[in-house]
Amino acid sequence: VFLQAYRKDIAILPEILREKIQDIPELLSESRASSTVKSYFKSFQKWNDWLKQNNLQPDQGSSVKPLTVGIYLAGLIQKGVSVNVLTSAFYGIRWAHSVIGVTSPTESELVKNVLEAGKRKLSVPKTKKEPISAELLLKMYDNFFFSMKMFIIKDLYVLV
């Protein structure tokens, strides 16, 4: 991503500096935890694949339009992906833009609101379990000790 974004700038660098440019992508990959970078990169790749499937080329500027990102996120929401997948898509796009030093379309209020709506729609409400009643505890206690008494009686019977 980095080398593609800066290919024109790289082309005009003196040869001695062009050789050193290879260090930058590795350093950028260490700007976050390796698991985070892997997750963001994977999400960004899915975003790029989606762009290609919809005949939108990232280098044509279509990938930087907030409306395009909003449509992408809305599609994920309609598929019923998890909140984690949705937020990973959002932050993967944001991360890739930050790596190449351009403003991310995720800064748009439209995109942020689509993300928040998706979180609300996709989140599963937690259902609290009923606390165990004293009556049920007593039944469990009685059943446990009744079976223990039967076990002891059975063993004693075998011994006699």
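**Overview. Along the sequence the chain runs α-α-α-α-α-α-α-α-α.** The model is predicted: local features need pLDDT of at least 70, side-chain atom pairs count only at pLDDT 80 or more, and totals for chains, interfaces and linings use all residues. Numbering starts from 1 along each chain as its sequence is written, and side-chain values use heavy atoms, without hydrogens and water. The chain has 9 helices and 0 strands (DSSP runs: H or I, at least four residues; E, at least two). Of its 160 residues, 26% are buried (under 20% relative accessible area, 1.4 Å probe, protein chains only; exposed is over 50%, partly exposed in between).

**View 1. Helix α5 covers residues 34-53.** Its 20 residues reach 28 Å from first C-alpha to last, close to the 28 Å expected at 1.5 Å a residue (1.5 Å times one less than the number of residues). N55 follows α5, with a positive phi near 55°.

**View 2. I132 in its loop.** I132 sits between α8 (109-122) and α9 (134-159). Its relative accessibility is 46%, so I132 counts as partly exposed.
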